[in-house]
Amino acid sequence: MTWLAETTMLSHGWRRFVLLVLAGAIAGLSVPPFFVLPALFVAMPIWVWALDGAERLRGWRRLFGPAFSIGFAFGLGYFLVAFHWLGAAFFIDGGWVLAAMPFAILALAALIALFWGLASALAHLSWSHGWVRILNLAAWLTAAEYARGHMFTGFPFDLLGYSLTGTDEMMQLASVIGVYGLTFLAPLLAMTPALVWPADNRGWAQRLAPVFLALLVVAGQLGFGWNRLSGTVSTERKDMALRLVQPLVYEHADFGNVDPVALIDRLLMLSDMRMNPDDQGLDDITHLVWPESSLPFFLETYPEALARIARLLPEQASLVAGVPRRAFATGLEGNTAPPHNSVVAIDTDGEVVASYDKTHLVPFGEYLPFAEFFAQLGIRQFVPGADGWSPGDVKRRLLTLPAAPAPLVLVCYEIIFSGDLGDTAGAQFLLNLTNDAWFDGSVGPAQHAHHARLRAVEEGMSLVRAANTGLTFATDPLGRINAELAPGEMAVLDVRPHERLAGTVFQSVRHWPVLIATLAGILAGLVASRRVRKRRPE
């Protein structure tokens, strides 16, 4: 390890860049669903050692120079591994879109790596020695992760904190500090080997103490999680029973050529399926749930659909389904705006009694940033189905269901925004309707599902998740899966949401503790750097 530390510190130019990309790729193995946590402890020290040996330049190159390149290269490797699964969506259409896939993934990874490059450069401006430098870098990296999760609509996939959530026990700390708190903790712990090597005159006990302390923190996290899991009582609700349908609707990729009659036939047949001799079908169900994109056509093009749904539903039941919805026309020429990606509730009279329009759209998937520029290239939408989508005009809110506790409905991507889900105070459980079929065969669906589970832990509410092709499951308020369907299985799943917990620490304080800790880490770096400069001026 001393050889690796010294080699890293002495490297420069393209060799250092390649080394940091490889280190970042190793770190990328720590994200879900891989969870190779030791990979983070191997990779993160290389970033520290590279900054130890980075040249200090003058002027603007001090910010956008070697230190920036080091963080950018590490981030590039990390995000190439973390986001490689996004390329699966390009195989659906094929053609020139498939040819563009590697360039698109590389461009996305490079764009997000800019956040880590800037964090690296800012940390190096106040670089010092000893343990303060890893606290400083961890703080700036947390600030960068928080920024990418909120700026430009946000893209908080695979935050570093998810590496510390590989088991049910490890996930429980999110109920206190959230995933951004774990994002501060993960690099701080993983960088501790940089305090052991290269070898110096310190004894082994003194050098290894930070690593043992890091392992002790991880052990404490596991102990806290075990205690919370064993000491928290979670009970199922008695006032509602949901049937989740996993229908394998692949017609979503060919929005304009759907046969509504055949599709409704399949959905109705599947919804009333008896999975075993004791299954009563819909007789004991209060709410039938169809996932996002389960009806990839406008209901007004097949009005009989509502009547057929009404005939299927028992007297006490209603349907919650993901559908496209056109806004009501305004003006003589009608409304030509793109449709909404919506969730509707349909009662036994075939009437839409509640609806929610997705507000947080996926860039380049559901809407096209810089649309005018791409239009000049003949590109109007990368994803087929419709010419983009319009966001809802209200923030995420509760869906009022007939004779039922109100869930907070989150469509697909909306579930990944920690601390920014909407009206969690009034919600009784989280209902996530999603369609991950674009990424079948990749790790994407499992990754997305794990992100969703952590929201249940943070908010202390059970999660009910209906996915088109998987993963469909239900959790308790501690994030434990208590019922699930296998990916690619056409089936139904009967579940009951659990009573929400009285509240979590995270629900009360949100991101304030981690933001304060981040500021403290940055200030500690500035103070330590100032002391170093007083002793040895540049």
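Predicted model: local features only at pLDDT ≥ 70, side-chain atom pairs only at ≥ 80, totals over all residues.
## Aromatic rings

Let's start with the rings. Searching the whole structure turns up 18 aromatic pairs. Take Y78 and W116: their ring centres sit 4.8 Å apart, with 35° between the planes, and the pair is tilted. Are Y78 and W116 buried or exposed? Both Y78 and W116 are buried.

Another pair to look up is F157 with Y413. The centres of these two rings are 6.4 Å apart and their planes meet at 35°, so this pair is tilted. Here, too, distant parts of the chain are linked: F157 is in the loop between α7 (131-148) and α8 (168-171), Y413 is in the loop between β6 (407-411) and β7 (429-434), and the two are 256 residues apart. F157 has a relative accessible area of 6%, so it counts as buried. Y413 is buried as well, at 3% relative accessibility.

## One cluster, and an arginine over a ring

Those four residues turn up again in one aromatic cluster, whose members include Y78, W116, F157 and Y413. Also among them are W47, F74, F79, F83 and W85, along with F155, F417 and F439.

For a ring with a charge over it, go to F298. R326 lies over the face of F298, at 3.7 Å from the ring centre.

## The six-stranded sheet

Now for the strands. Six of them make an open sheet with mixed pairing, in the order β5-β4-β3-β2-β1-β11. Which strands stand at the edges? They are β5 (352-357) and β11; each has a single partner strand, so one side of each has no neighbour in the sheet. On average, neighbouring strands here are turned by 25° against each other, direction ignored.

Inside the sheet, β3 (residues 318-325) and β4 (residues 340-346) run antiparallel and are joined by seven bridges. To pick out one of these contacts, find G322, whose bridge partner in β4 is V343.

## An exposed loop residue

Last stop: A502, in the loop between β11 (491-495) and α15 (505-509). Why does A502 count as exposed? Its relative accessible area is 92%, and the cut-off for exposed is over 50%.

How far apart in space are A502 and L526? They are 41 Å apart, C-alpha to C-alpha, with a separation of 24 residues in sequence.

Note on methods: Residues numbered from 1 in each chain as written. Heavy atoms only, no water. Phe/Tyr/Trp six-rings, centres within 6.5 Å; stacked < 30°, edge-to-face > 60°. Buried < 20%, exposed > 50% of the residue type's maximum accessible area, 1.4 Å probe, protein only. Helix = DSSP H or I, 4+ residues; strand = E, 2+ residues; numbered from the N terminus. Lys NZ or Arg CZ within 6 Å of the ring centre and 35° of its normal. Pairing = 2+ DSSP bridges. Axes fitted to C-alpha atoms, helices over the stretch in contact; angles between N-to-C directions.
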